[in-house]
Amino acid sequence: MSEAVALASSLPLPAPAGDEADESLRRFPSKRQSLKSHTSKHLTTQTSTDNVAPYQALPVQGPLISLNYTPALAVLEPDNLRKEEYEARTTQVLLDYKAKLLERTQHHMGYPYNLDFEYGALEGLQKFSINNLGDPFIESNYGVHSREFEIGVLQWFAKLWEIDSEDFWGYITNCGTEGNLHGILVGRENHPDGVLYASKETHYSVFKAGKMYRMQTEAVNTLPTGEIDYEHFRQRLCANNDKPAIINVNIGTTVKGAVDDLDRVLEVLTEEGFDEDRFYIHCDGALFGLMIPFVKKAPMVTFKKPIGSVSVSGHKFVGAPVPCGVVITRKEYVEALSSDVEYLNSRDATIMGSRNGHAPLYLWYTLTKKGYEGMRKDVEKCLRNAHLLKAMLEKVGIKTMLNELSSTVVFERPQEETFVKKWQLACQGDIAHVVVMPNITLEKLETFVQDLIQSRARVSVAAMKQIAADARAADPEADAYT
């Protein structure tokens, strides 16, 4: 297995995980063992704090949201048009839409979707209504399903996260949000009076879960990098010491790509007297949950540690034409919310009833083609290109931040809204980010940076001209001065 990709000394890159990875990072010690040795390998350093500082100095009041309402595309009524006209208009609508998709795909940079996939071999299956309703492990009377593919995918992830096949339960979800909703629900059902803890930079779906399930929720402060503030977590934990804890641990935050240190969270719980039967940990690994197992010396996400569930998005790093995801939990925990449904002739333990049976096919096909080694290469490519993008931006004077374990490059928010829309950038306050995915090539990064330089130049020229215009308005004789 190859070592880290060689980069300039100023651009350190975490090495891909190999068989020789430090086993101490892959095991959680028993209660009798000290947790002091499990310190974070990615806590804030002076360098990372310096990188973040410019963004923290310019707080923005309230979210900056431009409400761009979507226009309707009217449904064509066949009886109101001649057959030739109806067919021509329908064909043109679809051709125009395909052209739009191609252009939008070409300029996609801000959201964590891998658009590099090819499922031509599965096209013939689109004529089937494939529905995996009910428990994936128990067939219902509806026979047009893909459960065998779904279980194969689940076993692949169970191996990745180190849990035996007889000990896990899971299913393929419609998206990462559903995985979070399910993970938090399992925690709530096992601890009905539990308090939900999540950092303030956690994905909004976790706080949505708290509202849906009417849970007491504690929003924990974050460090400048976006990682959870462990001391504030300790304080909030102590304030609710009489109630069980349900904790969301981020394996890559939405905006900054920060990874909460699972070992540090477990350390705080142990130090504050929370035994394993008094807490439940859900790991939101929407994007990086699939990447981090392939990064050497990263804090490992593994069921060898006392976690309750892990969820990832399937359409993000793997890539798929439909949103999908995976959630894995312990079989003993899911029993708290599962029940038999005679109508299905199966069990109900999922959030949704009907479930997309095509999604397991997409995931199974890609994982079968790439395997663990292919995924490792994709991770290596993304981390390398993220560091290269950071170097490009800094070379032209643009402040950036890149968390050690992340492929999310954070930088100053562009002032041109048209540029933000063109490149589909995700923005929050005075920062924006690019999530470097397998489909983002070096050529695309070059094009993006060049376009950003031109955008900033246009803004600067416009600002300069405005100063001159204001001077002329204040003094009509300004141009006559020598």
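Here is a short walk through a predicted model, from its sheet to a pair of its helices. Residues count from 1 along each chain as its sequence is written, and side-chain values use heavy atoms, without hydrogens or water. Because the model is predicted, local features need pLDDT of at least 70 and side-chain atom pairs pLDDT 80 or more, while totals for chains, interfaces and linings use all residues.

Let's start with the sheet. Two strands pair if DSSP finds at least two bridges between them.

Now look at β4 (residues 245-250) and β5 (residues 279-284), which pair in the parallel sense over six bridges. Here asparagine 250 has aspartate 284 in β5 as its bridge partner.

Next come two helices (DSSP runs of H or I, at least four residues). Helix α3 (residues 147-160) packs against α10 (residues 358-395) at about 30 degrees, their axes 9 Å apart. Axes are lines fitted to C-alpha atoms, for helices over the stretch in contact, and angles run from 0 to 180 degrees between N-to-C directions. The two helices are therefore roughly parallel, a label for angles under 35 degrees. Where they touch (heavy atoms within 4.5 Å), the α3 residues include Phe149 and Trp156, and those of α10 include Leu363 and Tyr372.

Terms used: Parallel < 35°, antiparallel > 145°, perpendicular 65-115°, else oblique.
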